[in-house]
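Visitor: Please take me through the salt bridges in this structure. I would like a close look at how they connect.

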Amino acid sequence: MFKTIFAATAIIASLSAPAFAAGMMACDDASIMKTEEMAKGMTDPMKKDSMMMAMKEVDSAKMAMKDGKTADCSMHLDNAMKATEAK
């Protein structure tokens, strides 16, 4: 019985990890550049705070990528994208 529970848990964990990762942006130069361009394209004065937050997140993503921390880089890129979409 323990083996069955363990096997089921292992299967569920292996199937849920790719689903979680699919929602995160890839940590690469193209994604960083695209996100940075979107942030710089926010010209509405009412969204200046969102633009500044997005740029800080892009800078953090660049540092994380430089340090080889891909999960942190992806998280910062996701946060930057959310900031560019803020209303």
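Guide: Start with a definition: helices (H or I, at least four residues) and strands (E, at least two) are DSSP runs, numbered from the N terminus. The model is predicted, so local features need pLDDT of at least 70, side-chain atom pairs count only at pLDDT 80 or more, and totals for chains, interfaces and linings use all residues. Residues are numbered from 1 along each chain as its sequence is written, and side-chain values use heavy atoms, with hydrogens and water left out.

Now the bridges. A salt bridge is a side-chain nitrogen of Lys or Arg within 4 Å of a carboxyl oxygen of Asp or Glu. Searching the whole structure turns up two.

One joins Lys-40 to Glu-36, at 3.7 Å from N to O. Both sit in helix H2 (residues 29-40). They are four residues apart, which means about one helical turn separates them.

The other joins Glu-36 to Lys-62, at 3.2 Å from N to O. This pair links distant parts of the chain. Glu-36 is in helix H2, while Lys-62 is in helix H3 (residues 48-66), 26 residues apart.

Next, accessibility. Buried means under 20% relative accessible area, exposed over 50%, and partly exposed in between (1.4 Å probe, protein chains only). Glu-36 is buried, at 15%. Lys-40 is exposed, at 53%. Lys-62 is partly exposed, at 34%.

Put together, Glu-36, Lys-40 and Lys-62 form a linked network of salt bridges.
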